[in-house]
There are 2 protein chains.
Amino acid sequence: MSKHNIRLKDIAEELGISIPSVSRALNNKPDIGEHTKKKVFELAEKLHYQRNQFAINFKNQESFIIGVIIPQIVHHFFSNVISGIINEAEKMGYGVMLYQSNESYESELKGVDTFQKSMIDGLIISLADNTFNVDHLENLQEHKVPVVMVDKVNSSMVSSKIICDDYKGAYYATEHLISLGKKRIAHITGSLEPHTTKERFKGFESAIRDYKLTFYPNLIKKCNLVSREEGYITTLSLLAENEIPDAIFCATDPTAIGAIKAIKEKGLRIPEDIAVIGFSDWKMSSIVDPPLSSVSQPDFEMGKKAVELLIKEIQLTRDNKPMKHETHVMETSLVLRESTLGKN
Amino acid sequence: MSKHNIRLKDIAEELGISIPSVSRALNNKPDIGEHTKKKVFELAEKLHYQRNQFAINFKNQESFIIGVIIPQIVHHFFSNVISGIINEAEKMGYGVMLYQSNESYESELKGVDTFQKSMIDGLIISLADNTFNVDHLENLQEHKVPVVMVDKVNSSMVSSKIICDDYKGAYYATEHLISLGKKRIAHITGSLEPHTTKERFKGFESAIRDYKLTFYPNLIKKCNLVSREEGYITTLSLLAENEIPDAIFCATDPTAIGAIKAIKEKGLRIPEDIAVIGFSDWKMSSIVDPPLSSVSQPDFEMGKKAVELLIKEIQLTRDNKPMKHETHVMETSLVLRESTLGKN
DNA sequence: GTATATTACGTAATCGTTTACGTAACAAAA
DNA sequence: TTTTGTTACGTAAACGATTACGTAATATAC
């Protein structure tokens, strides 16, 4: 058992050559003789030499680590985004550090702080619902750590962004309900602050207007957590009105699943009496009864694209070149199931 | 815009003192005068001095980063484990790097490699199904990187382990079915290699034996992926036999959900004709129809405990003290719903 | 044969911080 | 007065690798 890890020095001494020569050999630099190089490689192999990455990171002031902050890990959409991020980062030689904000701004600050200690080369973040101030992120940028925002972005911040076309997704979902002959379409929206639910609301509104349907303000309900429970309660309140809707477009799948529960309890048929469509195509959506139609987001791809943009910015930063920010809008797609189509 | 980040040197020069004095002041070391210390703190504040963690990590040869390798992120159990890991690690001042093996041994190797480059201080791993060789992990240990295994562990490896009592959980689940008066209980098991499904099978067997029920070998079915699809197909085959079971204990929730689908399709009643119980209490289990009874695992707690043990080992390693490995067995609990209890 | 280029090294500096060690200045104890 | 101790610093070395620079030895050109 050797007392310390093998260093270049150990190899150099054993071969009677200088440390830089060993370095040059192992790094396949030009200024080194073939004979020496061979001997170095052999000895390095024999001694199980492993580079000390601490020293290299220190020298280059880079870690090859990407930080990722998302609101929750236990979440179908985000866990898929992370999955995409990790796979792509690995291909590019980067490791991924993860942090969840639990939808709390304070927690997000802590995450940034933790990451700064770990010297991340760049950050991918999906904002907490109550994050309005982005000083912590701009501070990172000033310290030459590029930031890419995914899905829940801040429109005023200058950075690359990956979003998906929530507007169009919502438009198509609503259009689909209209195509089924539905006239009184309700919408359960979210807190409207993360850009996402606001866009979904806008898309809904546009479709209603474009198809010359009546817009019923009392059929628009707002939830804060867009959870299953809220969806359930909100739908019950919708069904208690004088004139109930004949379709509901929910801003998230959990809300829609809550809505289904409420509708079934009231003895109404889905989709004959009320059709239901959600957003994000959670895994569980295919197994509820009836299976839920939804708007599918390219979660995995979004993660992948975020890494691409981030690494591009990391490289620009390293080379001291001017920064270019891009905003990528990814397309959604409709996944139609029985909650709108019925049983054939 | 300053050309470089502020260093101790900058502060030292501006105050006309030596670099070590600045270091001593900022680290609240004893050998430093109060007056000097005050001046240093003031200037550091004014210049927005930030420690260069690369240099510190390099000096101390530690990163305060924990590596985590799990088979899949998009998985209810594992994402909760990760969640527990991240929360606890943050409290202890550690960051978390994540990697998913996608249940592939080769991928696991890559993950370990990536992590070694990032100089993790310790590793928490849940093995891929086809990982039989643990040389890569023992190699880490030899390089003084402690390894803690969670849930899917290798019994021959010498390390701390966090598992949950799959045996007892399965025993209780089976006992519950028996208490409902079920006599012909089927079991859908997994690949039997990760210890987990094997233990579940053993627990099932013991309960059957203890309660003097007949053990029907043809009611034991094996799935490799323990997925919804497999659960569905396997159950169909069970229902095609001469004598069908009156209850099914599935090694995972997805399998159980597939089973429910098959049973419903055959026009049989749950739980009157066939009761169904799963394992792990996935979030989706509460929303299927009928809601699925399951064995709940303390996922979040397991992650938390893993971090505790790991950091203990990291500290022992740092102090060159002898290593102590612990195995923690966490208790499961039954979550009973309509798939076994019926509608009251 | 002299000038120039090329090859294959070694020396020294560097990255930012911490720590072991030495010491001047002063105070307290003998 | 001399000795011993304490305080508050400075100097130098160290962590491991890379890189700018210099140069001796050899090869090539004229």
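Analyst: Two residues are taken to be in contact if their C-beta atoms, placed from the backbone, lie within 7 Å. The model is predicted.

By that cut-off, helix H5 of chain A meets helix H12 of chain A through two sets of residues. On the H5(A) side they are A:Phe77, A:Asn80, A:Val81, A:Ile82, A:Ser83, A:Gly84, A:Ile85, A:Asn87, A:Glu88 and A:Ala89. On the H12(A) side they are A:Asp299, A:Phe300, A:Glu301, A:Met302, A:Gly303, A:Lys304, A:Ala306, A:Val307 and A:Glu308. Sorted by class, this contact holds 9 nonpolar, 5 polar and 5 charged residues.

The geometry of the pair is as follows. H12(A) covers residues 299-318, and its axis comes within 7 Å of that of H5(A), the two crossing at roughly 40°. Because of that angle, H5(A) counts as oblique to H12(A). The crossing of H5(A) past H12(A) is right-handed.

H5(A) also has a part in the contact between the chains. That contact takes 34 residues from chain A and 34 residues from chain B. On the chain A side, the elements giving two or more residues are H4, H5 (76-91), strand E2 (95-100) and H6 (105-117). The side of chain A that touches chain B has 19 nonpolar, 10 polar and 5 charged residues.

The two chains are related by symmetry. A rotation of 180°, with 0.0 Å of shift along its axis, superposes chain A on chain B with an RMSD of 0.1 Å. This is therefore the relation of a two-fold axis. In chain A, the C-alpha of A:Met97 is the one nearest the axis, 2.0 Å from it. Of the interface residues of chain A, 100% are also interface residues in chain B, so the copies meet through the same surface.

Next come the two DNA strands. Around DNA strand C there are 24 residues, and those that come nearest are A:Ser18, A:Gly33, A:Thr36, B:Pro20 and B:Asn52. The surface near DNA strand C divides into 10 nonpolar, 8 polar and 6 charged residues.

DNA strand D has 24 residues around it, with A:Arg7, A:Pro20, A:Asn52, B:Ser18 and B:Gly33 coming nearest. Here H2 (19-26) and H4 (53-60) of chain A, and H2 (19-26) and H4 (53-60) of chain B, each supply at least two residues. The classes near DNA strand D are 10 nonpolar, 8 polar and 6 charged.

In chain A, H1 (residues 8-15) and H2(A) pack at an angle of about 110°, with their axes 8 Å apart. H1(A) and H2(A) are therefore roughly perpendicular to each other. From H1(A), A:Leu8, A:Lys9, A:Ile11 and A:Ala12 meet A:Ile19, A:Ser21, A:Val22 and A:Ser23 of H2(A). That contact has 5 nonpolar, 2 polar and 1 charged residues.

In chain B, the axes of H1 (residues 8-15) and H2(B) are 8 Å apart and the helices pack at about 110°. H1(B) and H2(B) are therefore roughly perpendicular to each other. There, B:Leu8, B:Lys9, B:Ile11 and B:Ala12 of H1(B) meet B:Ile19, B:Ser21, B:Val22 and B:Ser23 of H2(B).

Definitions and conventions
Residues numbered from 1 in each chain as written. Chains lettered and ligands numbered in written order. Predicted model: local features only at pLDDT ≥ 70, side-chain atom pairs only at ≥ 80, totals over all residues. Near = placed C-beta within 6 Å. Helix = DSSP H or I, 4+ residues; strand = E, 2+ residues; numbered from the N terminus. Nonpolar A, V, L, I, M, F, W, Y, C, P; charged D, E, K, R; others polar. Axes fitted to C-alpha atoms, helices over the stretch in contact; angles between N-to-C directions. Parallel < 35°, antiparallel > 145°, perpendicular 65-115°, else oblique. Left-handed = near helix turned anticlockwise from the far one by under 90°. Least-squares fit on C-alpha atoms with pLDDT ≥ 70 in both.
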